[in-house]
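Please read the numbered points with the sequence and the model at hand.

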Amino acid sequence: MGQLSLNEANRAASRVASRLGISRREFLQWCAATAGTLGLPVGAEAAIAQSVAAAKRPSVIWLHFQECTGCTESLLRTDHPTLVKLIFDVISLDYHETLMAAAGHQAEKSRKDAMAANKGKYILVVEGAIPVKDNGIYCKIGGHKAVDLVRECAADAAAVIAIGSCASWGGMPSTGPNPSGASSVAEILGKTVPNIPGCPPNPYNFLATVVHFLTFGSLPAVDKLGRPLFAYGRLIHENCERRAHFDAGRFAMEFGDVGHRKGYCLYKLGCKGPETYANCPAIGFGDVGENNWPVGCGHPCIGCTEKGVGFTKPIHSVARMLNVAPPLQYPRIVEEQGKGASFAAAAALAAIAGAAVGGGAMLARNLGLSHEAEQLEKERAKPKASEKTES
Ligand code: FSX
Ligand code: SF4
Ligand code: F3S
């Protein structure tokens with residue numbers, strides 16, 4: 001899309017704002033936020049305003065399969081009414097089993113009608129995994145197997161988007177032993193589709209993907225797992241507000257302990273932020289302000305956007321460090337919070353490690369914490385007298 005003049009952008013913004021019953025400022029703020037989420041340069045908000053103002057909204061056909069409907073709920077349950085209004089202004093949701101009034105044959109007809117009226121132009125959104133075991137009989141809608149519905153609806157779609165972890169790689173329904181053969185949209189179609197994983201995913205990531213398609217006529221760049229890079233390009237651990245505590249060796253060791261109450265790092269409680277790619281810390285959930293994301297609320301990230309982590313690894317097992325490791329001068333991570341070490345120990349260790357004085361002091365402090373924590377863990381691991389049994 002070419003460069004728009006300020007006047008054109010302003011006129012487009014005024015048109016949408018009056019349509020939605022919000023102020024022009026609110027609308028422009030949303031355009032700027034979406035441009036920011038997409039990592040677009042300054043000025044792109046004008047192009048976004050223009051595309052959203054365009055009269056014809058793309059028809060969206062939204063299918064539900066093996067899932068909990070959390071993706072849809074997260075899209076609708078924002079506290080900020082503007083987002084919901086915008087969703088329905090940006091897209092024309094022509095078929096959605098949870099939201100449509102029609103039922104039975106009427107519902108089936110509305111899907112067929114929407115597909116015929118928008119052949120080659122509609123966006124197909126798939127929520128939920130698709131079972132393939134026993135010829136796909138474990139999920140049927142209107143008498144059709146999920147696997148057939150995906151193929152039928154994808155055939156004439158301009159774009160297919162898999163929303164949620166279930167549609168992206170199988171998610172929760174595919175957890176071992178995966179009794180129904182729950183599979184992803186990409187596996188069924190045999191081609192890469194943009195995946196917006198998360199259980200549930202962040203609605204902004206979905207909306208920004210659609211807006212990118214409307215504004216530039218193409219879907220955003222994706223990583224090797226099909227996830228848009230603007231949203232899944234960085235590890236959670238790289239953006240986490242508790243990262244300073246991780247680096248300083250301050251960890252919550254148990255839910256409700258002093259470290260937990262002080263907002264220390266949740267690594268020891270199983271936080272998978274170090275091996276999970278997503279923008280949760282940057283954009284939060286539910287439009288209710290800062291820190292509204294799992295770690296912000298005091299629970300370790302379970303890696304819900306990451307195949308092989310979420311719904312696969314035990315929630316409280318310690319994460320694998322990917323490309324972000326504790327700096328070399330720090331000890332391994334078994335620290336107990338709230339303990340200190342002597343300056344003499346710091347100096348000695350700094351000399352041995354050949355580290356800078358600051359790093360050495362930190363190393364020593366953390367080592368002190370580390371040794372005490374190890375001792376505590378050993379004590380905890382010993383069976384209590386009352387638990388010992390006669391062999
Ligand atoms: Fe639920 Fe969606 Fe999880 Fe799956 O989100 S929130 S089980 S990703 O498909 O409804
Ligand atoms: Fe944040 Fe988790 Fe990393 Fe700790 S381990 S800094 S809580 S992402
Ligand atoms: Fe999921 Fe972790 Fe974000 S659990 S919502 S990827 S913080």
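1. In this predicted model, the second largest cavity has 13 lining residues, and those nearest its centre are P197, N202, N205, C280 and T305. The space within the second largest cavity comes to about 60 Å³. By residue class, the lining consists of eight nonpolar and five polar residues, with no charged ones.

2. How many cavities of 30 Å³ or more does a search of the whole structure find? The search returns four. The largest cavity has a volume of about 90 Å³. Its lining comprises 14 residues, and H237, C240, C265, L266 and C271 are the closest to the centre. Two elements, α12 (236-239) and α13 (243-248), each contribute two or more residues to this lining. The lining of the largest cavity is made up of 10 nonpolar, two polar and two charged residues.

3. The helices α8 (164-169) and α9 (185-189) are the elements that supply two or more residues to the lining. Five nonpolar, six polar and four charged residues form the lining of the second largest pocket.

4. Which residues come nearest to ligand 1? Among the 14 residues around ligand 1, these are C68, G70, C71, C166 and C199. The shell around ligand 1 divides into six nonpolar, six polar and two charged residues.

5. Polar contacts with ligand 1 may be traced residue by residue. A polar backbone atom of G70 is placed 2.7 Å from an oxygen atom of ligand 1. For C71, a backbone N or O atom lies 3.3 Å from an oxygen atom of the ligand. E67 takes part through its side chain, a polar atom of which is 3.3 Å from an oxygen atom of ligand 1. The elements that provide two or more residues to the shell are α4 (70-76) and α8. Of the elements, α8 gives the most to the shell around ligand 1, namely three residues. The reader may note that α8 also gives two or more residues to the lining of the second largest pocket.

6. A further point concerns S92, which belongs to strand β2 (residues 92-96). Is S92 buried or exposed? S92 counts as buried because its relative accessibility is 14%, and buried means under 20%. The side chain of S92 is joined to that of D94 by a polar contact of 2.8 Å. Leaving aside residues up to four places away in sequence, S92 touches R57, P58, S59 and V60.

7. Finally, the chain as a whole may be described. The chain contains 17 helices and nine strands. Of its 391 residues, 50% are buried. Where contacts join residues at least 6 apart in sequence, 75% of them link residues at least 24 apart.

Definitions and conventions
Residues are numbered from 1 along each chain as its sequence is written. Chains are lettered from A and ligands numbered from 1 in the order in which they are written. This is a predicted model: local features need pLDDT of at least 70, side-chain atom pairs count only at pLDDT 80 or more; totals for chains, interfaces and linings use all residues. Side-chain values use heavy atoms; hydrogens and water are left out. Helices (H or I, at least four residues) and strands (E, at least two) are DSSP runs, numbered from the N terminus. Ala, Val, Leu, Ile, Met, Phe, Trp, Tyr, Cys and Pro count as nonpolar, Asp, Glu, Lys and Arg as charged, and the others, Gly among them, as polar. A residue is near a molecule or strand if one of its heavy atoms lies within 4 Å of it. A polar contact is a pair of N or O atoms within 3.5 Å; within protein, one must be able to donate a hydrogen and the other to accept it, and residues adjacent in sequence count only if both atoms are side-chain atoms. Buried means under 20% relative accessible area, exposed over 50%, partly exposed in between (1.4 Å probe, protein chains only). Contact means heavy atoms within 4.5 Å. On a 1 Å grid over the protein atoms alone, a cavity is a set of points where a 1.4 Å probe fits but cannot get out, and a pocket is an open set with protein on both sides within 12 Å along at least five of seven lines; lining residues have an atom within 4 Å of a point. Grid points are joined across faces, edges and corners, and a volume is the space filled by probe spheres set on the points.
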